[in-house]
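This report describes how one protein chain is put together. Please look through the sequence and the structure before reading on.

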Amino acid sequence: MTEQQKKVEIKKKRLAIVSFTEAGTRLAREIETLAKNTTYEVSRYVKSRYVTEKEVPETMRAAVILGELKEQVQVWMRQMDGIVFVGAVGIAVRSIAPFIESKAKDPAVIVLDEAGMFCIPILAGHLGGANALALWIADAVGAVPVITTATDRKKRFAVDLFAKENGLEISDLKLAKEISAALLAGKKIPVCCEKGLPEILPEGLYCCEDFAEETARPGIYIGIKRCSEAGVLSLIPKAVTVGIGCRRGTDKEKIHHCVHAVCKEADICKEAISRAASIDLKAHEQGILKWCRESGIPFDTYPAELLNDVEGSFTSSVFVKETTGVDNVCERSALLASNGGKLIQRKTAADGVTAALAVKEWRIHFA
């Protein structure tokens with residue numbers, strides 16, 4: 001294993017805090033200070049008619065917003081993981097309203113009054129992490145957290161929060177909402193998991209072995225395999241690595257076609273793919289890079305010497321060996337990038353592209 005593989009990167013969550021008064025700015029600075037040893041990376045702003053570009057009081061050491069607040073908020077809604085307004089709820093609501101997209105994309109939005117008495121998540125409570133952020137801020141500054149999400153208020157299982165905490169992709173946000181509504185109405189929800197389930201599940205959930213024999217709907221399926229049962233929500237672990245080999249100059253569409261084919265052959269959800277891998281000769285292959293960029297996954301490459309050291313049985317090719325120095329690129333790179341995982345689909349070839357799948361160990365937990 002290389003040093004690059006051993007290195008664990010903790011991605012900081014980008015947090016914008018904006019205040020409008022001197023009292024609010026003091027509170028914003030306190031939050032910024034408290035966040036220094038956390039996973040939050042804070043950018044602080046001030047919007048006030050009393051603050052000009054040439055004169056920024058020491059108590060308001062922050063970036064000054066000179067233009068319209070909405071223009072800055074539009075940028076934050078695209079680039080930030082969270083936005084904290086230290087001021088009135090009305091200001092926050094009017095500022096974010098034009099730029100709200102969906103539960104899957106919106107950042108966490110929090111409002112604190114300038115005295116620090118109440119901390120209110122107003123957008124993206126579960127998937128965006130607003131409820132968790134509000135609880136942390138409230139605890140840090142001594143505010144009262146005002147959580148309005150029904151599943152939290154009634155202490156019921158929240159499928160979107162469970163998915164976020166376990167790094168699971170949600171197949172259908174509308175169906176996830178239906179499940180929450182069903183639980184709140186007192187209905188029982190069947191759950192099936194490829195890894196098995198604990199004996200004790202959250203209230204309202206019960207273990208299901210096979211949805212083909214289960215009539216209750218809606219239901220929840222947890223795993224990397226495709227579930228085609230109607231009314232069943234798939235929660236998909238990002239645990240699969242796709243290894244890719246291709247001819248020089250292969251376009252993105254052919255890469256996509258082959259990856260789709262290998263997933264179909266293995267009966268794996270394409271949403272389970274967390275990264276792509278290949279030999280370092282393909283580090284600048286534009287077709288692969290474009291496909292990875294559009295798919296939102298990282299691309300790892302390895303030298304032939306490292307790929308040759310991967311242990312296992314692989315689909316060898318004399319031509320590939322003579323061209324690259326390694327007998328198989330896609331299977332070996334998929335397995336290497338999975339960090340101790342296992343090969344679940346051998347080489348699939350289409351249009352001059354080869355692809356293989358490996359899966360790393362994954363687990364789920366219930367709070």
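A residue counts as buried when its relative accessible area is under 20%, as exposed when that area is over 50%, and as partly exposed in between. A104 has a relative accessible area of 56%, so A104 is exposed. The model discussed here is predicted.

**A104 and its surroundings**

A104 sits in the loop between α4 (89-96) and β5 (108-112). When neighbours within four places in sequence are left aside, A104 is in contact with L127 and L173. From A104 to I170 there are 66 residues in sequence, while their C-alpha atoms are 9.0 Å apart in space.

**The chain as a whole**

The protein chain has 13 helices and 17 strands. Along the principal axes, its C-alpha atoms fill a box of roughly 75 × 55 × 35 Å. Of the 367 residues in the chain, 46% are buried. The chain exposes about 19,500 Å², and carbon and sulfur atoms supply 50% of this area. Among contacts with a separation of 6 or more, 62% are between residues 24 or more positions apart.

**The sheet from β8 to β10**

An open sheet is formed by five strands in the order β8-β12-β11-β9-β10, with mixed pairing. Its edge strands are β8 (168-170) and β10 (205-207), each of which pairs on one side only. From one strand to the next, the twist averages 30 degrees. β8 pairs with strand β12 (residues 232-237) in the antiparallel sense, over three bridges. Within this pair, L168 stands opposite P237 in β12.

Helices lie across this sheet. Helix α7 (residues 159-166) lies across β8, β11 (219-222) and β12, and runs at about 145 degrees to β8. Helix α8 (residues 173-184) lies across β8, β9 (189-193), β10, β11 and β12, and runs at about 115 degrees to β12.

**The sheet from β15 to β16**

Another open sheet has five strands in the order β15-β14-β13-β17-β16, again with mixed pairing. Here the edge strands are β15 (299-302) and β16 (342-350), and each pairs on one side only. Neighbouring strands of this sheet are turned by 25 degrees against each other on average, with direction ignored.

Which strands does β17 pair with? β16 and strand β17 (residues 353-359) pair in the antiparallel sense over six bridges. β13 and β17 also run antiparallel, joined by seven bridges.

| Residue | Residue opposite in β17 |
|---|---|
| T348 | A355 |
| G245 | T354 |

β16 and β17 form a hairpin with two residues between them. In the turn, D351 has a positive phi of about 55 degrees.

Is β17 mostly covered or mostly uncovered? β17 is mostly covered, since seven of its seven residues are buried.

α10 lies across β13 (240-246), β14 and β15, and runs at about 155 degrees to β13. Helix α13 (residues 330-337) touches β13, β14, β15, β16 and β17, and its direction makes about 150 degrees with that of β13.

**K282 in a loop**

K282 is placed in the loop between β14 (273-279) and α10 (286-295). Is K282 buried or exposed? Its relative accessibility is 12%, so K282 counts as buried. Apart from neighbours within four places in sequence, K282 is in contact with C246, R247, R248, I288, F299 and T301.

**A pair of helices**

Two packed helices are described by the angle between their axes and the distance between the axes. The axes of helix α2 (residues 22-34) and helix α5 (residues 130-141) come within 11 Å and cross at roughly 105 degrees. An angle of 65 to 115 degrees counts as roughly perpendicular, and α2 and α5 are therefore roughly perpendicular to each other. On α2, the contact is made by L27, E30, I31 and L34, and on α5 by W136, I137, A140 and V141. By class, this contact of α2 with α5 has seven nonpolar, no polar and one charged residues.

Key: Residues are numbered from 1 along each chain as its sequence is written. This is a predicted model: local features need pLDDT of at least 70, side-chain atom pairs count only at pLDDT 80 or more; totals for chains, interfaces and linings use all residues. Side-chain values use heavy atoms; hydrogens and water are left out. Axes are lines fitted to C-alpha atoms, for helices over the stretch in contact, and angles run from 0 to 180 degrees between N-to-C directions. Helices (H or I, at least four residues) and strands (E, at least two) are DSSP runs, numbered from the N terminus. Angles under 35 degrees count as roughly parallel, over 145 as roughly antiparallel, 65 to 115 as roughly perpendicular and the rest as oblique. Contact means heavy atoms within 4.5 Å. Ala, Val, Leu, Ile, Met, Phe, Trp, Tyr, Cys and Pro count as nonpolar, Asp, Glu, Lys and Arg as charged, and the others, Gly among them, as polar. Buried means under 20% relative accessible area, exposed over 50%, partly exposed in between (1.4 Å probe, protein chains only). Accessible areas come from the Shrake-Rupley method with a 1.4 Å probe; for residues, only the protein chains shown count as cover. Two strands pair if DSSP finds at least two bridges between them.
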